[in-house]
Amino acid sequence: MRTPALPMIERVLFSEEQIQERIREVAAQISERYKDGNLKLIAVLKGSVFFLTALARELTIPVKVDFLAISSFSNHSGSPGVVRIAKDLDDSIEGEDVILVEDIVDTGFTARYLMQNLSGRGPNSIALCSMLDRSSRRIVPLQIDFRCFEIPDRFVIGCGLDYKQLYRNLNFLAILKPDSQG
Ligand code: PRP
């Protein structure tokens, strides 16, 4: 799906070319940092898979990949941030250099939970890489080691991010029109 001429789009935030260029830069940083390492990228289903794939293709070092899925929901008092693993990794990460790959970090609950969980499995190192950082929504402090873009506090679609499970396959990042959000 290549055309940005879609009625629900307010404007394109980053073009395909801008995103590819920035991913290439971040991939170069990662390739340099882990050139003597034993790197595994871990993506959180579903949105992050698109970013992981784009990032991995730009790396110049060998890399393994694995995937997990989470469920997040509010607790009884309505507070967000209750996260549990719905599908775990296929393999151990003991002794490996792990990068948790996220498409977006908002409140930080998901990434904080997963970083703590994965740290407890004996990796040699663990880092967080996120395509997008919507830091205006952050609730828990979090260090993002590799980040492509900071974005405004708007609903965005494309590059793995969805609205009602659609539009993940847009190869640009766009702001959804407020009146398209039902
Ligand atoms: C997104 C994203 C992160 C999480 C970030 O996933 O991939 O996992 O939200 O939010 P947080 O910082 O507030 O915890 P989402 O729940 O939209 O699932 P999806 O990737 O399947 O669309």
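Let's start at serine 48, which touches Ala43, Val101, Glu102 and Asp103, leaving out residues up to four places away in sequence; touching, or contact, here means heavy atoms within 4.5 Å. This is a predicted model, in which local features need pLDDT of at least 70 and side-chain atom pairs count only at pLDDT 80 or more, while totals for chains, interfaces and linings use all residues. Residues are numbered from 1 along each chain as its sequence is written, and side-chain values use heavy atoms, with hydrogens and water left out.

Is serine 48 buried or exposed? With 1% relative accessibility, serine 48 counts as buried (buried means under 20% relative accessible area, exposed over 50%, partly exposed in between, with a 1.4 Å probe and protein chains only). Its side chain also reaches the backbone oxygen of valine 101 at 3.4 Å.

Serine 48 sits in helix α2 (helices are DSSP runs of H or I with at least four residues, strands are runs of E with at least two, and both are numbered from the N terminus). In α2, the residues Ser48, Phe51, Leu52 and Leu55 are buried. They lie on the same side of α2 because they cover an arc of only 100° around the axis, the arc being that of the directions from the helix axis to the C-beta atoms. An α-helix has 3.6 residues a turn, so residues three or four places apart point the same way. The buried residues of α2 pack against α1, β2, β3 (64-73), β5, β6 and β7.

Now look at the largest nonpolar core, which has 32 residues (a nonpolar core is a set of buried Ala, Val, Leu, Ile, Met, Phe, Trp, Tyr and Cys residues joined through side-chain atoms within 4.5 Å). Ile30, Leu55, Ile99, Leu132, Ile151 and Leu173 touch the most other members. Helix α1 gives this core its largest share, 5 residues. Apart from it lies another core, of 15 residues, including Val44 and Met115.

Finally, turn to the ligand. Which residues come nearest to the ligand? Of the 14 residues around it, they are Asp103, Asp106, Thr107, Gly108 and Thr110 (a residue is near a molecule if one of its heavy atoms lies within 4 Å of it). An oxygen atom of the ligand is 2.9 Å from an N or O atom in the side chain of glutamate 102, and for arginine 168 the corresponding distance is 3.0 Å.

How values were computed:
Polar contact = N/O pair within 3.5 Å; in protein donor to acceptor, adjacent residues only side chain to side chain.
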